[in-house]
Amino acid sequence: MSPRKNLTPKQRFLCIAILIFAFIGIVLVWLFTDDARKFRLFSRNLFISELSGDTLSLHYTLAYPEKFNLDTQACLPSYHTITQQDAVYISSLLDQLSGINPDRLNDEDAYTYGLLVRYLTLQLSGCAFPYYREPLSPSSGMQASLPILLADYTFRSGEDVEDYLKLLDQTDTYFDALIQYEEEKSSQGLFMSDSAAAKIIRQCTSIMDEKDLSSGTHFLHSTFTERLSELKSKGLINQQQYDMWCSENDRLLTTVMAPAYEKTADAFTILSGSGVNDEGLCHFPDGRAYYEYLLSLNTGSSKSIPEIKQLLFQDFQQNYTSLISLLQKYPELSAYNFQTTELPFSSPEEMLSDLQVRMREDFPAFPSTKEEFSPVCTIKKVSSAMEAYSSPAYYLTPPIDDLSSNIIYINHRNQPDSLTLYTTLAHEGYPGHLYQTVYSQLYFNSRKDSTIRSILHYGGYVEGWAYYVENMSYIYAQSIAKDDPLTCAWYEACRLNRNLQLCMYSLLDIAIHYEGAGPSHVQQILMKIGISDTKTTTAVYQYIVEEPANYLKYYLGYLEFQELKVTAQRLWGEDFSNKRFHQFVLETGPSDFRGLQIKLEVSGAVTAS
């Protein structure tokens, strides 16, 4: 047995120092990882809480919710008036966040933390306006959105079909809650105008058309059988299930959903005449304050209204000056026959393929994945029953855990010319919504970032990006016609004219909802830019009244990206490129513009060092 060896004072001091440093290290690791664990737990709990009571949102967010330990009963959310309880709940979430130190989080979680604090703070301020929301607006209300969401509810299994039928069976109680909310709005003197109510009544009648339902030709019949047939062809369901579910779908459409729409139309007929304001939000008691909140919510911009107006005025002047210069250089454009400028494509699919090729120089390829990934895009036609109530085109966002299948709908009601269709597909597809959505989510998935980002909606980022790249697609169209200067000039004139229109509509939005401009004033303004048809000016005015801050979501978002790009050029200098800027935006992901600006400044500091 070896004799015990005594430690020297120096060795004892070294051992004690090692123990102290080890203890400090353990404490520091615990402190830092504790905040990270708390934030991840908070984010996960909020994600689950937000999706648990809304099967539609859950189904469009996650293809396989069971992998996220989300297994809830199929249900439609119950629309309710914002109460003090909602404000208390949001305040409690902010209190929980205040107990987490963002300096102890990794960069991505710290960025998400900042987004959440600003997002929830804004939501809390919205609790001051319980009756100003409009879930049944003529252009974007649930009476038009719900059938679209149902028609594209993906069937991956028989369980999805059963969930779908359960949702159909709840449409009556869902609309009952919406009717109750509209009745409460009316009692508060905040119900919509008679003209808007009349549109809702017509929509409810025509969307659930009695003739189509009785003959089995309604689009909710055809889309259901198409999805069911696909399951049967894959062997996932049998003929007996197919027949049983088709019969149940027919029954629910005629005995539950159609009566729900009829009841909504009847309720709006009764409520018609109770609206006290046919004009902008500022004519309501708290209308200006609500508009400021809504503007921030819809656009993600932190700019004040005077700052936004100045930005819009400057942009309008620049586009106007450019258009005048172009017309002076090519005076023959004033009598140009645009039908001679048809792009050389025979289908929307060919246009999307061309856009994917032309964007390569300006945009990064999709992030690499374990398996070779190439998203499939299906172009569909808007049902004739929905053409009058649908956008010219729209993209359905895929679930975050299955990005392979993407759908773009084209509304052929107004038969777009080839340039319009090409730029629309750029907006909805490449390098627009489809590309942005898939790229950002692939990047987040590869890093295993928190899923909470997927339920934070930033309309200004999403639509601002799509309009930003739509502008670039006019340049791509010019590259196709590069040997024809006059056609190129025509494409540029179309781009400038579209910017002028959306910029003017954005200014009108502020004028109507914040400054009180009435129909006659708006008509005078539109006449100055060549829009003199009374029917058109009335339609523009009514749309802006019914959809406050909607145009700004697109155009202010676009201008915010333009400003961000100028900042990137200043910060990065010779290291700037379109591709690097776009990669920064895409890998940051949907955000408010304050967050993007802060992150860009940090990247500039890193570049400088």
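Modeller: Nonpolar patches join side chains of Val, Leu, Ile, Met, Phe, Trp or Tyr within 5 Å, from residues with over 30% relative accessible area and no salt bridge. Keep in mind that this is a predicted model.

Colleague: Which residues make the nonpolar surface patch of about 240 Å²?

Modeller: Start with one member, leucine 327, in helix α13, residues 305–329. Leucine 327 has a relative accessible area of 34%, and a patch residue needs over 30%. The patch of about 240 Å² is made by Tyr320, Ile324 and Leu327.

Colleague: Is asparagine 406 buried or exposed?

Modeller: Asparagine 406 sits in strand β3, residues 405–410. Buried means under 20% relative accessible area. Asparagine 406 has 1%, so the residue counts as buried.

Colleague: How many aromatic pairs does a search of the whole structure find?

Modeller: Two rings pair if their centres lie within 6.5 Å. Searching the whole structure with that rule gives a count of 43.

Colleague: Are the rings of tyrosine 291 and tyrosine 514 stacked, edge-to-face or tilted?

Modeller: The ring centres are 6.3 Å apart. Planes under 30 degrees apart count as stacked, and over 60 as edge-to-face. These planes meet at 40°, so the pair is tilted.

Colleague: How many residues apart are tyrosine 291 and tyrosine 514?

Modeller: Tyrosine 291 belongs to helix α12, residues 287–299. Tyrosine 514 is in the loop between α18 and α19. The pair links distant parts of the chain, and the separation in residues is 223.

Colleague: How many salt bridges does the count come to?

Modeller: The rule asks for a side-chain nitrogen of Lys or Arg within 4 Å of a carboxyl oxygen of Asp or Glu. Under this rule the count is 21.

Colleague: How many residues apart in sequence are the parts that lysine 380 and aspartate 152 tie together?

Modeller: These two form a salt bridge, with the closest N and O atoms 3.4 Å apart. Lysine 380 is in strand β1, and aspartate 152 is in the loop between α5 and α6. So the pair ties together parts whose separation in residues is 228.

Colleague: How far apart are the closest N and O atoms of lysine 303 and glutamate 563?

Modeller: Lysine 303 is in the loop between α12 and α13, and glutamate 563 is in helix α21, so parts 260 residues apart are tied together. Lysine 303 is partly exposed at 23%. Glutamate 563 is partly exposed at 32%. Their closest N and O atoms are separated by 2.8 Å.

Colleague: By about how many helical turns are aspartate 354 and arginine 358 separated?

Modeller: Their side chains meet in a salt bridge at 2.7 Å, N to O. Aspartate 354 counts as buried at 13%, whereas arginine 358 is partly exposed at 27%. Both are in helix α14, 4 residues apart, so the separation is about one helical turn.

Methods: Residues numbered from 1 in each chain as written. Predicted model: local features only at pLDDT ≥ 70, side-chain atom pairs only at ≥ 80, totals over all residues. Heavy atoms only, no water. Helix = DSSP H or I, 4+ residues; strand = E, 2+ residues; numbered from the N terminus. Buried < 20%, exposed > 50% of the residue type's maximum accessible area, 1.4 Å probe, protein only. Patch = residues over 30% accessible without salt bridge, like charges linked within 9 Å, V, L, I, M, F, W, Y side chains within 5 Å. Areas by Shrake-Rupley, 256 points an atom, 1.4 Å probe, with all protein chains shown as cover. Phe/Tyr/Trp six-rings, centres within 6.5 Å; stacked < 30°, edge-to-face > 60°.
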